[in-house]
Amino acid sequence: MHRLEREAQDDPFLMDALEGYGLSNNDQQDNLAELQQRLADRVAPKKERSILLWRVLPIAASLLIALTIGYMLFKPTSDKQKAAMPLVSSSTPPAPADKVNVQPDSAKKTVSASSILAQNHVPVHHHLNRPQPVISAPENVVGAISSIKDDTAAYTARNNAFYKKGNNNAANVGQNIQMVDSYGDQAAIRGGNKWTGANKEASDTAKTLTNALAGRVAGLSANKKELNEVTIVGYGSVQKREVTGSVATISARDTVAQTMRQAKITSPIDSTMYLAEVVVPGYADKAKSPTRPADGWKNYLAYIKQEAVMPDNSVGKVMLAFKIGKDGLIYGIRILKGSTMAINQKAIEILKNGPVWIGSSVNKEIKLKIKFHKGD
Amino acid sequence: MPLMKFLKGSKKSLDSDEKLLLEYRQTGDMAALAVLYQQYMHLVFGVCLKYLKDEELSKDAVMQIFEELIVKVTKHDIKQFKSWLYVLSRNYCLMQLRSGKKMQTEALDEVMELAGDLHPDNEREEDLTALERCKEKLPSAQKLSIQLFYIEEKCYKEIADDTGYTLNEVKSYIQNGKRNLKICLEKNRER
């Protein structure tokens with residue numbers, strides 16, 4: 001100890017250090033050993049590389065998996081499409097129901113052939129799977145979509161039982177088409193999709209589409225333009241605020257459920273809190289719509305809710321579309337999305353027998369969703 | 001005794017310091033710097049303990065000082081690594097304290113001489129007698145402390161116990177005694 005102190009006399013560094021150690025009674029050997037280790041770690045060169053590698057590996061792995069999935073989604077469509085096409089075009093049996101089915105089904109099928117899927121917006125994708133006959137814009141856009149699944153073919157076939165083919169109701173169809181966004185038409189025809197490469201397939205698709213559409217859907221003129229580059233304009237994942245005849249606001253949830261369930265038709269969605277929901281196109285707040293129930297929305301919806309019970313207590317949801325004439329009479333009722341035959345029937349009756357409406361000069365189609373529930 | 005490592009032949013390590021510094025400057029290999037630092041790490045740690053008083057803080061400080069070292073070694077021209085490191089460490093600790101309280105730092109460029117290097121070892125005989133005479137001239141407390149410390153080779157604690165002075169007083173006496181002796185010897189040499 002003396003020696004240290006002696007040396008410290010000449011070495012201020014040592015002097016200070018000794019003072020520091022003198023402050024505590026603990027042995028500092030462990031601390032010094034730890035410091036040695038930390039210094040060694042600090043200077044060690046190689047570790048950086050392995051850390052980098054660790055980060056890169058999971059990223060690479062996920063990329064690979066994503067690519068594989070993408071590829072798998074892509075590939076099957078080209079095979080299945082050929083199977084689906086003949087199936088659809090031959091399924092023409094007219095059904096006795098009085099709903100409208102429009103060709104877009106076949107249109108859908110053919111256009112979707114183009115393996116455009118992966119590049120589409122998801123919402124568009126969803127639409128395809130709907131069995132909807134609807135002519136509204138997004139449906140056509142749907143044409144441009146995703147995977148054709150065999151389910152969809154079956155789906156459509158099954159729904160044909162509910163819906164008539166478009167031929168007979170061309171007038172209706174024509175009417176309805178007019179209110180559709182123009183791009184919607186175009187999108188259907190063009191197959192609304194951004195797609196680089198594989199142009200041949202695209203033009204083939206365009207041809208088949210034109211054939212399929214020819215003469216079937218009034219008001220739609222097939223555009224024979226080559227599918228070189230197609231874009232879906234304005235159909236992002238942001239929902240439209242103004243509903244201009246599109247199903248966007250309502251159907252989103254349905255279609256999501258659709259894709260989840262792959263062709264299961266009755267797909268009750270738990271998220272709906274309302275047993276009846278009405279959308280009046282052009283009016284985000286339906287209270288402002290000139291076309292409305294005479295007794296007010298509140299009472300109307302209450303009536304619906306009260307009536308929406310089946311004798312056998314079955315549950316289901318029905319989406320109806322209809323128009324109110326200037327005189328307040330309901331016309332042009334159609335089922336956008338149905339449940340069972342019985343439930344659909346009942347829904348229509350509820351609508352017909354319901355409170356009277358006040359019409360206006362504005363004749364946009366109103367959509368109504370009725371959720372059937374069990375009685376008390 | 002664990003602290004024995006503190007005792008080093010000062011000349012030897014200074015040469016090797018130079019070598020290691022040079023090696024780092026040339027190759028940029030941090031390992032050389034690490035070896036150099038390790039030789040003084042215990043001193044740096046001690047200094048940090050003195051100022052920061054906390055073991056964990058001191059450990060972190062030691063590592064931080066190393067980081068500063070890496071940067072500054074290339075920037076400054078360092079004549080005496082040990083003293084330069086001492087000043088660096090002390091300044092770092094004072095800065096740390098300042099962010100807590102408010103304290104002054106000392107200029108980094110202070111170069112402190114290590115007394116061991118500078119004392120020429122010739123003319124011993126004459127010096128010894130002169131030294132004896134000068135010692136006799138010291139104030140009693142200083143004389144006693146010097147006697148006990150240098151001649152009888154006692155520790156501060158022992159001296160404190162023997163004399164009844166506090167530890168700080170002992171240190172102070174020794175320091176002042178040394179200074180007075182130095183002055184006296186210089187006067188002596190001038191004659």
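Modeller: What follows is a walk through this model, which is predicted.

Biologist: Let's start with chain A, then. How many helices and strands are there in it?

Modeller: Chain A has 14 helices and eight strands, and of its 376 residues 40% count as buried. Among the contacts in chain A between residues at least 6 apart in sequence, 79% join residues that are at least 24 apart.

Biologist: And the contact between the chains, how many residues does it take from each?

Modeller: It takes 28 residues from chain A and 35 residues from chain B. On the side of chain A that touches chain B, helix 1 (2–10), helix 2 and helix 3 each supply at least two residues, and the residues of that side divide into 13 nonpolar, five polar and ten charged.

Biologist: At what angle do helix 2 of chain A and helix 2 of chain B pack?

Modeller: The angle is about 60°, with the two axes 7 Å apart, and helix 2 of chain A and helix 2 of chain B are therefore oblique to each other. Their crossing is left-handed.

Biologist: Which residues meet there?

Modeller: From helix 2 of chain A the list is F13(A), L14(A), D16(A), A17(A), L18(A), E19(A), G20(A), Y21(A) and L23(A), and these meet L43(B), G46(B), V47(B), C48(B), L49(B) and K50(B) in helix 2 of chain B. The residues of this contact divide into ten nonpolar, two polar and three charged.

Biologist: Now the largest nonpolar core: which of its residues touch the most other members?

Modeller: Those are Y37(B), V44(B), C48(B), V62(B) and I65(B), out of 37 residues in that core. Helix 2 (12–23) and helix 3 (29–43) of chain A, together with helix 2 (30–52), helix 3 (55–75) and helix 4 (81–100) of chain B, each supply at least two residues of this core, and its largest share, 13 residues, comes from helix 2 of chain B.

Biologist: Take V62(B) from that list. What does it touch?

Modeller: Not counting residues up to four places away in sequence, V62(B) touches L35(A), M41(B), V44(B), F45(B) and C48(B).

Biologist: Switching topic, where is A294(A) found, and is it buried or exposed?

Modeller: A294(A) is in the loop between strand 4 (292–293) and helix 13 (297–307) of chain A. A294(A) counts as exposed because it has 12 C-beta neighbours inside 10 Å, and the cut-off for exposed is 12 or fewer.

Biologist: What is A294(A) in contact with, then, leaving aside its neighbours within four places in sequence?

Modeller: With P355(A), V356(A), W357(A) and I358(A). The C-alpha atoms of A294(A) and G359(A) are separated by 9.0 Å, although these two residues are 65 residues apart along the chain.

Biologist: Last one, on chain B: how do helix 8 and helix 9 pack?

Modeller: Helix 8 (residues 156–163) and helix 9 (residues 167–190) of chain B pack at an angle of about 105°, with their axes 9 Å apart, which means that helix 8 of chain B is roughly perpendicular to helix 9 of chain B. The contact is made by Y156(B), K157(B), I159(B) and A160(B) of helix 8 and by L167(B), V170(B) and K171(B) of helix 9. These residues divide into five nonpolar, no polar and two charged.

Notes
Residues are numbered from 1 along each chain as its sequence is written. Chains are lettered from A and ligands numbered from 1 in the order in which they are written. This is a predicted model: local features need pLDDT of at least 70, side-chain atom pairs count only at pLDDT 80 or more; totals for chains, interfaces and linings use all residues. A nonpolar core is a set of buried Ala, Val, Leu, Ile, Met, Phe, Trp, Tyr and Cys residues joined through C-beta atoms within 7 Å. A residue is buried if 20 or more other C-beta atoms lie within 10 Å of its own, exposed if 12 or fewer, and partly exposed in between; C-beta atoms are placed from the backbone. Helices (H or I, at least four residues) and strands (E, at least two) are DSSP runs, numbered from the N terminus. Two residues are in contact if their C-beta atoms, placed from the backbone, lie within 7 Å. Ala, Val, Leu, Ile, Met, Phe, Trp, Tyr, Cys and Pro count as nonpolar, Asp, Glu, Lys and Arg as charged, and the others, Gly among them, as polar. Axes are lines fitted to C-alpha atoms, for helices over the stretch in contact, and angles run from 0 to 180 degrees between N-to-C directions. Angles under 35 degrees count as roughly parallel, over 145 as roughly antiparallel, 65 to 115 as roughly perpendicular and the rest as oblique. A crossing is left-handed if the near helix is turned anticlockwise from the far one by less than a right angle, and right-handed if clockwise.
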